[in-house]
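My notes follow in the order I made them.

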Amino acid sequence: MEMTVAEALVECLERENVEVVFGYPGGAVLPLYDALYHSTRIRHVLVRHEQGGVHAADGYARVSGKVGVCIATSGPGATNLVTGIANAYMDSVPLVLFTGQVPTIQIGTDAFQEVDITGITLPITKHNCLLKDPSKLAIVVKNAFHIASTGRPGPVLIDIPKDVAQARISFKYPSTVRLRGYKPTYKGHPAKINEIAKLIGKAKRPIIYAGGGVLASNASEELLKFAEAISAPVTNTFMGLAGFPGDHPLFLGMLGLHGTRYANLAITECDLLIGLGARFDDRVVMNITSFAPHATVVHIDIDPAEIGKVIATNVPLVGDVKLILKELLPLIEKVDRSEWLERIKSLKAQYPLSYNRDSGLKPQFIIEQLWNCTKGDAVIVTDVGQHQMWVAQYYHFKKPRTLVSSGGLGCMGFGLPASVGAALAAHPGCKVVLVTGDGSIQMTIQELATMMEQGLSVKIILFNNSALGMVRQLQQYYCQGRHMATHFQFHPDFEILAKAYGIPAYTFRTEEDVIKGLPEVLESPGPAFVNCIIPPEENVLPMVPIGKGISETIECE
Amino acid sequence: MEKHTLSVLVENSPGVLTRVAGLFARRGFNIDSLAVGRTDRDDVSRMTIVVEGDKPLIEQVTKQLHKLIDVIKISNITEDEYVDRELVMIKVAAEPSQRVEIMHIAGIFRARVVDLGSKTMTFECTGNEGKINAFEESLRPYGIKELVRTGKIAMLRGSKFVALSLAQAREAESA
């Protein structure tokens, strides 16, 4: 079939079962948008800023498990994607991004809206390329979707010069991918699996440390079976939350910097640490020498480069978490671990998460009420900061892919656009709640328009403390309370602002407001915006001070 | 710290050198030397990279390199018996009266004269790093005007080799 490269690209997207693309048009992508004009199967979501587009595609991918797609024009369109691409790269989210480029003959001449976006995104993409040969379009797109979604997922960018997009080619979509330099390992080495089964049999105090890889490989069910089979408690990394039921007796909550004290103590006491799809991030490990000091370390991950990168591993195993757990399960011998489980129980009883309800509307209370109202049956999207950690601590995620948040990059402004993508991917009837902060939401607040244009019913819960709370907290502990540039001297009236976008808006100031108002807000059809006035001095606790081991936490006073 | 020589087969695609060099830079790995050239196949290039570091570092370098889609195969040939060569060109100050003496030194290193000026001589010399260093030091007293040195290239000894597997060779070029 003969067609233009732009038309072929749309054809490729349809063959990859892409239903939604997020984007922002411009001169260099005119041919692409002209081709999209004729597509009946692809819904184009016009965002208000390219960063919003890539975050929305990211939120869409995290909830749906599919590849998120985003289009931007050359130059500023492309550079506006950078933060969002870095975010997806850090959290291993499958995205395919298309950028327009100036015509081939102008490349390298500092042409209008020219930027070397493949050069710029080299360190933050799993792969990228500049399409020079029009006949390669189909192969390049096929490879991009394959690379983005397999192995350790990640973003792939394809830069298409305008003249290439207009070139005519004979289109044939390849049925197979042939990449000799890319062959992810899925099946775990049988000898290692046996070795791990034996170690588990001998362990007295095993613990499972599960990360985002469990969600990426859709292994939540296997993880639950595995944990129950070996009677081991499970702690999640931030990225791993929702990969294990939050109300399960074996669940320890999140570990690390703002993890539960009992998770951190259990890690410190364990004799076998089983890392599943986690990367021993610095916010988890804190001080390397005092992390799991008595443990034999088993590390299972699909990315070989993560194994041994941070801490020495006794048994490394490369492969897909789901497949490996499936093979490991029949080898497990039942061992009585009642002593260890008793110890876990007493740690939980001794060091529960707590906060003072002495004065004002406490953010932790709002999250608890959010949990009471939804019981985990909602997609929770967050921004970055204190509110994000309170969600991680006080909301009990029940089902996989119900938390959408920026983990590795810690990217403020992610929440609102991500909630747009999440709402488009969520099952009809599934509530989508954005918990955000007054700092974060103002970074990408323009996407309220996208949300309304698309008719999405996101419930926005704004934690408003007139401050950049997380940094203010850091200044309290590490700068002797010198709060520099962390208190907003001016705020818009968020209620009026939301109403300007046509969103019903409320302000909650007391616990009664929340108890009465939150269920109503969540049950109402359509979007809603709740401005919650919370005390600016509230801290995220527990907290491991810089340089300390994870067992040495600052607790709620 | 030991030096490791990695023989890396990569797709002969635009930007592959930037990908590899960029990876080393941003992960804080030091490249001691780097030599790139086409192999017997048009679609495959070979990079010979010398990296300084302990075992865990070299392991991390190798694993990170493997993550690049354009990297097809990596061998740490330092783990085996191998031969390596560098090429140097040295322009040395040489008054006509000194020429014979300098030629004598060059003879010891089996270096060849490739150019002659009124007051300079230019030599080429190949060999391993030690030999090249020794040749350089021998000429230094006369005054080195210019020195150009390639990165190291290396190859396994005997019948072992670093090449594409049959399956890899059969697979069509990637994007």
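**Entry 1: a sheet in chain A**

I started with Gly23(A) and looked for its bridge partner in β4(A), which turned out to be Ile71(A). I kept in mind that this is a predicted model. I then checked the two strands concerned. Strand β2 of chain A covers residues 20-23, and strand β4 of chain A covers residues 68-72. They run parallel, and 2 bridges join them.

Next I looked up what packs on the sheet here. I found helix α2 of chain A, residues 30-37. It touches β2, β3 and β4 of chain A. The direction of helix α2 makes about 130 degrees with that of β4(A).

I then asked for the strand order of the whole sheet. The sheet is open and has 6 strands, with parallel pairing. I wrote the order down as β3-β2-β4-β5-β7-β6 (chain A). Which strands stand at the edges? They are β3 (43-46) and β6 (127-130) of chain A. Each has a single partner strand, so one side of each has no neighbour in the sheet.

**Entry 2: domains of chain A**

I looked up how chain A is divided. I listed domain 1 (2-170), domain 2 (190-350) and domain 3 (363-533). I followed up domains 1 and 2 of chain A. Their centres, taken over C-alpha atoms, are separated by 37 Å. In the contact, 6 residues of domain 1 meet 6 residues of domain 2. About 470 Å² is buried between these domains, and carbon and sulfur atoms give 56% of that.

I searched this interface for salt bridges and got 2. I also got 2 residue pairs in polar contact. I then looked up Asp303(A) and found a salt bridge with Arg152(A). Their closest N and O atoms are 2.8 Å apart.

**Entry 3: chain A against chain B**

How many residues does each chain give to the contact? Chain A gives 21 and chain B gives 26. The area buried between the chains is about 2,100 Å², with 51% from carbon and sulfur atoms. Which residues of chain A lose the most area to chain B? I noted Leu122(A), Arg178(A) and Arg180(A), together 38% of what that side buries.

Arg180(A) came up again in a salt bridge with Glu11(B), where the closest N and O atoms are 2.8 Å apart. Last, I looked up the elements that give two or more residues to chain A's side, and they are β6 and α7 (137-149) of chain A.

Conventions
Residues are numbered from 1 along each chain as its sequence is written. Chains are lettered from A and ligands numbered from 1 in the order in which they are written. This is a predicted model: local features need pLDDT of at least 70, side-chain atom pairs count only at pLDDT 80 or more; totals for chains, interfaces and linings use all residues. Side-chain values use heavy atoms; hydrogens and water are left out. Two strands pair if DSSP finds at least two bridges between them. Helices (H or I, at least four residues) and strands (E, at least two) are DSSP runs, numbered from the N terminus. Contact means heavy atoms within 4.5 Å. Axes are lines fitted to C-alpha atoms, for helices over the stretch in contact, and angles run from 0 to 180 degrees between N-to-C directions. Domain bounds come from an automatic or database domain assignment. Buried area is the accessible area (1.4 Å probe) that two parts lose on being put together, summed over both. A salt bridge is a side-chain nitrogen of Lys or Arg within 4 Å of a carboxyl oxygen of Asp or Glu. A polar contact is a pair of N or O atoms within 3.5 Å; within protein, one must be able to donate a hydrogen and the other to accept it, and residues adjacent in sequence count only if both atoms are side-chain atoms.
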